[in-house]
Amino acid sequence: MKIVEYKKAPGRKIVKRMSLQTKSTLLSVVSLVVFVYGIIVLTKAVWLESTNEVFNRWFLLGIYAIALVVGGMIMYGNALQMRVRVDTRKEMRRFFRKNRREMAQRKEAMAKKQKPKVEKSHKEREKENPAKSI
């Protein structure tokens, strides 16, 4: 008997390769669909309750609907969190790029302001440290 190796589903590879922005966009669309579907099911449960349907039927349908609504909201929250990560990363990169340019300009300006070093003659160096002349 041959043991089958566990392989990842092809969809996982696709999702892993996606950018964070694409993942957040897809997750937000799916979460809104789940949320709206939950609202529709909740409306059906309320309608069943108003038509004096059996308690178990509309109650369980209402619980299912609330689970869908809450699940959609949680998924949307995760999508927003991903989107905030993308935006924060962009802003941080802009900030660092801008500061890097400004620091380079400041260094150039400081270099221009400093006087060039004048090399001392052999006699002047000897006066400072006579031990080096030996």
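**Reading a predicted helical chain**

Reply: The terms are set by cut-offs: buried means under 20% relative accessible area, exposed means over 50%, and partly exposed lies in between (1.4 Å probe, protein chains only). The model is predicted, and local features need pLDDT of at least 70, side-chain atom pairs count only at pLDDT 80 or more, while totals for chains, interfaces and linings use all residues. Residues are numbered from 1 along each chain as its sequence is written, and side-chain values use heavy atoms, with hydrogens and water left out.

Me: With which residue does Glu-91 form a salt bridge?

Reply: A salt bridge is assigned when a side-chain nitrogen of Lys or Arg lies within 4 Å of a carboxyl oxygen of Asp or Glu. Here Glu-91 is paired with Arg-94, and their closest N and O atoms are 2.8 Å apart. Glu-91 is partly exposed, because its relative accessible area is 46%.

Me: How many helices and how many strands does the chain have?

Reply: Helices (H or I, at least four residues) and strands (E, at least two) are read as DSSP runs and numbered from the N terminus. This chain has four helices and zero strands, which gives the pattern α-α-α-α along the sequence. Of its 134 residues, 12% count as buried.

Me: Which residues does Ser-28 touch, leaving aside those up to four places away in sequence?

Reply: A contact means heavy atoms within 4.5 Å. With residues up to four places away not counted, Ser-28 touches Tyr-76 and Ala-79. Ser-28 belongs to helix H2 and is buried, because its relative accessible area is 18%. Ser-24 also lies in helix H2. It touches Ala-79, Met-82 and Arg-83, under the exclusion of residues up to four places away, and it counts as buried at 4% relative accessibility. For the chain, residues 24 or more positions apart account for 67% of the contacts with a separation of 6 or more.

Me: How far apart are the C-alpha atoms of Thr-25 and Tyr-76?

Reply: They are separated by 9.8 Å, although the residues are 51 apart along the chain. Thr-25 is found in helix H2 and is partly exposed, at 42% relative accessibility.

Me: Which residues form the nonpolar patch on the surface?

Reply: Patches are made of residues with over 30% relative accessible area and no salt bridge; like charges are joined within 9 Å, and nonpolar side chains (Val, Leu, Ile, Met, Phe, Trp, Tyr) within 5 Å. Accessible areas come from the Shrake-Rupley method with a 1.4 Å probe, and for residues only the protein chains shown count as cover. The nonpolar patch consists of Ile-39, Leu-42, Val-46, Ile-66, Val-70 and Ile-74, with about 490 Å² of accessible area together. Helix H2 (20-50) and helix H3 (55-113) each supply at least two of its residues. Ile-74 is found in helix H3 and counts as exposed, because its relative accessibility is 53%.

Me: Which residues form the positive surface patch?

Reply: Lys and Arg count as positive and Asp and Glu as negative, with His and the chain ends not counted; the place of a charge is NZ of Lys, CZ of Arg, CG of Asp or CD of Glu. The positive patch is formed by Lys-7, Lys-8, Arg-12, Lys-13, Lys-16 and Arg-17. Lys-7 lies in the segment before helix H1 (10-17) and is exposed at 69% relative accessibility.

Me: Where is Asn-52 found?

Reply: Asn-52 is in the loop between H2 and H3. It has a positive phi of about 60° although it is not a glycine, and it is exposed, with a relative accessible area of 71%.
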